[in-house]
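Me: Could you walk me through some of the labels used for this protein? I would like to see each one set against its definition.

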Amino acid sequence: MDLLQQIVARAKANKQRIVLPEANEERTLRAADRVLADEMADIILIGDPDDIRRDAEKWGLTSIEKATIIDPLNNPKSEEYAELLCELRKSKGMTIEQARELVKNPLYLGCMIIKTEGADGQISGALSTTGETLRPALQIIKCSPGITCVSGAMLLITKQPQYGENGVLVVGDVAVTPMPDANQLAQIAVCTAQTARSVAGFDDPRVAMLSFSTKGSAKHEVVDKVVEATKMAREIAPELKIDGELQADAALVPSVGEKKAPGSDIAGHANVLVFPNLEVGNIGYKLVQRLGDAVAIGPILQGIARPVNDLSRGCSVDDIYYMVAITACQAMDTK
């Protein structure tokens, strides 16, 4: 069973309630039908019920009838949600009239459903930008306790079983925070390890804080940041297995790790890699994906109190289907 099959199996074993707020979009509706047919998750669709049912019939989607469909323009809980949203955002000057309009927006409505414990996670992005996906999540659901920055992790499934966890690596940040400071980098490390547990199923995440230096081999302020972040991550999560600063080869190759970082439990055995900034992370995973013929899954957003994930507007039905499974696995771990 490959990693994606394992993720789907875990989702099926503990069904979560996932909101799809772009329910009038064909790929989303086809993915929802497949999820429901496979009994992988309970699906909440936000959109015009008549349009959704008409499209489902047109496309032969026979399982959509199992979904809960919420009309954002005729929702009996609209006033309840508006009052709560106004209260949440009153320090930012939000009026009740503004809140009433916002809860008609499917992305905001989905987050309000999660906030009031009617759902466990949300996925959008087939029609929306990353900013449009993140904004309501950060305003309504907010970050996890002790976390102040959102980041994005990527699952890399390589053909090199001697590295990572039988060839699987979890890496971050590859999507959100361009130039994290030491505290943010520490948070990214903790969150990426958590994603490795909840999504990739790692029993023993081993985190390497990457740099162009290993254990003082080079001196620079950007190296100092990685060293400081490693110390902070240990304070945030004392149980976390983490070491840094480490060069990539020292993190992954046992013989190199033993030579460059003798005595380190992580060097040569890392299965979670934390990049020093977004530029390095984004370039790095794409090089591995293209030159190394690795499968890259994500980005998986992390640091939000309940999972809200972002899709590419070029996503496929498969992408949405598997992101539902990933979001469900995250949701189990945030309850």
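Reply: Happy to. This is a predicted model, in which local features need pLDDT of at least 70, side-chain atom pairs count only at pLDDT 80 or more, and totals for chains, interfaces and linings use all residues. Residues are numbered from 1 along each chain as its sequence is written, and side-chain values use heavy atoms, with hydrogens and water left out.

Me: Why is threonine 214 called buried?

Reply: Threonine 214 has a relative accessible area of 4%. Buried means under 20% relative accessible area, exposed over 50%, and partly exposed in between (1.4 Å probe, protein chains only). Threonine 214 is therefore buried.

Me: What makes the pairing of threonine 214 with glutamine 247 a polar contact?

Reply: The two side chains come to 2.8 Å. A polar contact is a pair of N or O atoms within 3.5 Å; within protein, one must be able to donate a hydrogen and the other to accept it, and residues adjacent in sequence count only if both atoms are side-chain atoms. The side chains of threonine 214 and glutamine 247 make such a contact.

Me: How do you know that strand 4 pairs with strand 11?

Reply: Helices (H or I, at least four residues) and strands (E, at least two) are DSSP runs, numbered from the N terminus. Two strands pair if DSSP finds at least two bridges between them. Strand 4 and strand 11 (residues 308-310) have three bridges, in the parallel sense, so they pair. Serine 124 stands opposite aspartate 310 there. Strand 1 (residues 17-20) also pairs with strand 4 in the parallel sense, over two bridges, and valine 19 stands opposite glutamine 122.

Me: What makes both faces of strand 4 covered?

Reply: Gly121 and Ile123 on one side, and Gln122 and Ser124 on the other, are all buried.

Me: How do you know that cysteine 149 is in no disulfide?

Reply: A disulfide is a pair of cysteine sulfur atoms within 2.5 Å. The structure holds zero disulfides. For cysteine 149, the nearest cysteine sulfur, that of cysteine 191, is 6.8 Å away, so cysteine 149 is in no disulfide. Cysteine 315 is in no disulfide either: its nearest cysteine sulfur, that of cysteine 111, is 18 Å away.

Me: Why does cysteine 315 count as buried?

Reply: Its relative accessibility is 5%, so cysteine 315 counts as buried. Cysteine 149, with a relative accessible area of 6%, is buried too.
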